[in-house]
Amino acid sequence: MLCRFSGIRLEVSNMTKCCSFNSFLRLRSFHASRFLNEEQKSDNDVIKRLPQTLITTADAYTKKLLTLEDTLSQGQEFNVESQQEFSRLSLINGVFEHYKSLLTEVEELQRMANSDPSLKEEATDELQLIIPTFNECSDKLFEHLIPPHPFADKACFIELHPGVGGIEAMNFTQDLYNMYTGYINNKRWKSHVISKQKNESGSGLLGAILSVDELGSYNKLRFEAGVHRVQRIPETETKGRIHTSTAAVIVLPQMGNESDKEMDAYERTFKPDEIRVDVKRASGKGGQHVNTTDSAVRLTHIPSGIVVSMQDERSQLKNRAKAFAVLRARLAEKERKEKEEKERAARKEQVTTTDRSDKIRTYNYPQNRITDHRCGFNIHDIDGVMSGERLQEIIEAVGKYEIQQRAKSLQSLPTCK
């Protein structure tokens with residue numbers, strides 16, 4: 001029988017288990033009393049056990065891993081895809097083995113607490129220490145076993161548009177743009193600006209589209225989609241009143257390469273009568289190419305009514321390629337949302353979403369606080385978040401919340417006392 005004391009695992013024989021277990025648990029209880037109070041204990045009563053369906057899935061992954069190991073040991077061809085699959089399965093298997101080990105300890109301690117009154121208090125204290133570790137491992141395994149987001153491995157586009165609030169909304173849009181570029185730079189991801197429209201009559205942005213070229217960035221940044229709200233005193237406010245303004249953030253998956261070489265491929269995905277292409281002269285304050293050449297492009301997807309305009313590049317060809325890239329991304333996101341809505345209606349249950357019409361986050365400058373309304377997460381460091389350095393903490397909190405919601409919707413994490 002295996003027992004857990006401060007990270008040390010002791011093997012106890014059946015004949016001496018009561019004596020040795022009792023003495024060591026008294027020692028363990030002494031240390032536990034230094035770190036646990038009664039309020040903490042009450043929070044650690046819930047044990048998250050994965051359902052048998054997911055355990056069966058994990059077992060199947062283990063068998064597949066053994067098959068790949070056998071292939072590798074025999075010196076057979078082992079390509080890049082096989083290596084990636086081997087790495088993924090090894091990670092899942094490591095978490096699964098840890099889960100099973102912790103579950104064995106939990107069940108053994110529960111058995112002792114229920115069968116032997118003399119060991120109940122000590123075993124209960126030990127359970128309070130191991131349950132949080134087990135639940136964390138269970139959540140991690142669950143995250144690896146559930147189906148990933150269909151666009152999880154894609155790069156992404158970030159679109160920003162000012163909402164209500166006039167000039168202050170445009171200034172806030174600029175602040176959000178700086179936040180995401182700071183976050184991307186901290187991550188050392190490749191990115192480039194597709195479109196950026198400054199407010200010619202003052203400060204702020206009228207809109208921007210940022211291309212984040214890191215594979216998998218969509219899965220990280222998709223939680224940013226929605227309406228962001230700011231509460232602060234604008235620079236133009238003379239009476240010190242707090243104004244509330246908004247900006248919309250749209251995160252779309254990149255569905256292909258937007259290079260000139262791939263432009264024809266984008267166009268071939270649409271039927272000739274689905275797209276109307278209009279070209280015009282670029283607007284602006286002036287310049288060698290503004291109002292002199294028909295470089296601006298506007299695409300209209302007739303079945304959906306989606307319109308994309310692009311005029312940032314001097315070349316009509318490049319503007320056309322960028323416009324088709326954004327159009328494909330918007331259509332892919334629209335189709336994904338429609339599919340989710342159909343599935344949700346079929347299940348006849350509500351599932352929390354990050355609909356763009358919802359105010360997902362509030363930036364309260366007077367209180368130096370940012371609140372994400374989906375998961376209730378608060379962070380009191382606006383400067384740290386707006387620089388991009390601490391945005392990851394909010395993204396991780398919302399990501400954990402989404403995992404919990406998926407678990408509840410699937411009824412995949414039944415709990416017990």
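Trainee: What conventions apply here?

Mentor: Residues are numbered from 1 along each chain as its sequence is written. In this predicted model, local features need pLDDT of at least 70, side-chain atom pairs count only at pLDDT 80 or more, and totals for chains, interfaces and linings use all residues, while side-chain values use heavy atoms, without hydrogens and water.

Trainee: What is the strand order of the open sheet of eight strands?

Mentor: Strands (E, at least two residues) are DSSP runs numbered from the N terminus, and two strands pair if DSSP finds at least two bridges between them. Here the order is β5-β6-β4-β8-β7-β12-β13-β14, with mixed pairing. The edge strands, each pairing on one side only, are β5 (191-198) and β14 (377-379). From one strand to the next, the twist averages 15 degrees; axes are lines fitted to C-alpha atoms, and angles run from 0 to 180 degrees between N-to-C directions.

Trainee: How many bridges join β5 to β6?

Mentor: Seven bridges join β5 to β6 (residues 205-212), and the two run antiparallel. Lys-198 stands opposite Leu-205 in β6.

Trainee: Why is strand β10 described as largely enclosed by the rest of the structure?

Mentor: Buried means under 20% relative accessible area, exposed over 50%, and partly exposed in between (1.4 Å probe, protein chains only). Strand β10 (residues 296-301) is largely enclosed because five of its six residues are buried.

Trainee: Which strands are joined to β10 by bridges?

Mentor: Strand β9 (residues 275-280) is joined to β10 by six bridges and runs antiparallel to it, with Ile-275 opposite His-301. Five bridges join β10 to β11 (residues 306-310), also antiparallel, and Arg-298 stands opposite Ser-309. The hairpin of β10 and β11 has four residues between the strands, and Gly-305 takes a positive phi near 80 degrees.
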